[in-house]
Amino acid sequence: MVFIKNRIGISLLITVILCLGFVYANVQAASTLSKWYTDTFQKEDEILSSTLETGVWTTFKRLGVFIAEAKQDAITAIEESRNKQVEESTANIEALVTDMKEQIDQTVTELDEENFDAFVERRNIEEEIERDVATMLAEILDE
């Protein structure tokens with residue numbers, strides 16, 4: 001019986017030792033797995049942070065380039081619009097000046113064709129008639 005008790009005791013001792021070994025192995029495996037996970041997560045976090053930082057700076061640089069190009073495009077569009085308006089205004093003014101010169105030339109030509117002396121003489125005759133009429137009216141109304 002002692003032998004059976006010893007055998008049960010030894011079996012129990014072996015079972016306890018095996019369980020303790022299994023528990024230790026599980027704790028060791030969990031610790032190793034936890035350390036691996038932490039290390040991997042940290043590495044991935046560093047890679048992600050680096051990539052994100054690089055991406056943000058690249059985006060800001062591209063945004064700066066985009067804004068500069070948009071500004072230059074706006075300046076160019078404004079200059080082109082202004083130049084077009086100036087050209088159109090200049091053309092309109094030149095056309096108006098040309099039209100006025102033509103009208104003046106036409107008037108001068110008409111005056112040259114019409115005897116200016118006769119015009120002046122007719123004007124003088126009209127003035128004389130007006131004076132005579134005014135004199136007659138004054139005489140009639142005074143009576």
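Which residues form a nonpolar patch on the surface, and what is their accessible area together?

## Nonpolar surface patch

In this predicted model, the patch consists of Leu 52, Val 56, Trp 57, Phe 60, Leu 63, Phe 66 and Ile 67. Together these residues have about 750 Å² of accessible area.

One of them, Leu 63, belongs to helix H1, which covers residues 2-113. Leu 63 has a relative accessibility of 40% and therefore counts as partly exposed, since that class lies between the 20% limit for buried and the 50% limit for exposed. Trp 57, at 52% relative accessible area, is exposed.

## Aromatic pair

The count of aromatic pairs comes to one. Its members are Trp 57 and Phe 60, in an edge-to-face arrangement with 6.3 Å centre to centre and 65° between the planes. The angle is classed as edge-to-face because planes over 60 degrees apart fall in that group.

Both residues of the pair lie in helix H1. Trp 57 and Phe 60 are three residues apart, about one turn of the helix. Both also belong to the nonpolar patch.

## Overall fold and exposure

The protein chain contains two helices and zero strands. Of its 143 residues, 0% are buried. The chain exposes about 13400 Å², and carbon and sulfur atoms supply 64% of that area.

## Negative patch

A patch of negative charge on the surface is made up of Glu 127, Glu 128, Glu 130 and Asp 132. Glu 130 sits in helix H2, which spans residues 116-142.

Glu 130 has a relative accessibility of 56% and so counts as exposed, the limit for that class being over 50%.

How values were computed:
Residues are numbered from 1 along each chain as its sequence is written. This is a predicted model: local features need pLDDT of at least 70, side-chain atom pairs count only at pLDDT 80 or more; totals for chains, interfaces and linings use all residues. Side-chain values use heavy atoms; hydrogens and water are left out. Helices (H or I, at least four residues) and strands (E, at least two) are DSSP runs, numbered from the N terminus. Buried means under 20% relative accessible area, exposed over 50%, partly exposed in between (1.4 Å probe, protein chains only). Accessible areas come from the Shrake-Rupley method with a 1.4 Å probe; for residues, only the protein chains shown count as cover. Patches are made of residues with over 30% relative accessible area and no salt bridge: like charges are joined within 9 Å, nonpolar side chains (Val, Leu, Ile, Met, Phe, Trp, Tyr) within 5 Å. A salt bridge is a side-chain nitrogen of Lys or Arg within 4 Å of a carboxyl oxygen of Asp or Glu. Lys and Arg count as positive and Asp and Glu as negative; His and the chain ends are not counted. The place of a charge is taken as NZ of Lys, CZ of Arg, CG of Asp or CD of Glu. Rings of Phe, Tyr and Trp (its six-membered ring) pair if their centres lie within 6.5 Å; planes under 30 degrees apart count as stacked, over 60 as edge-to-face and the rest as tilted.
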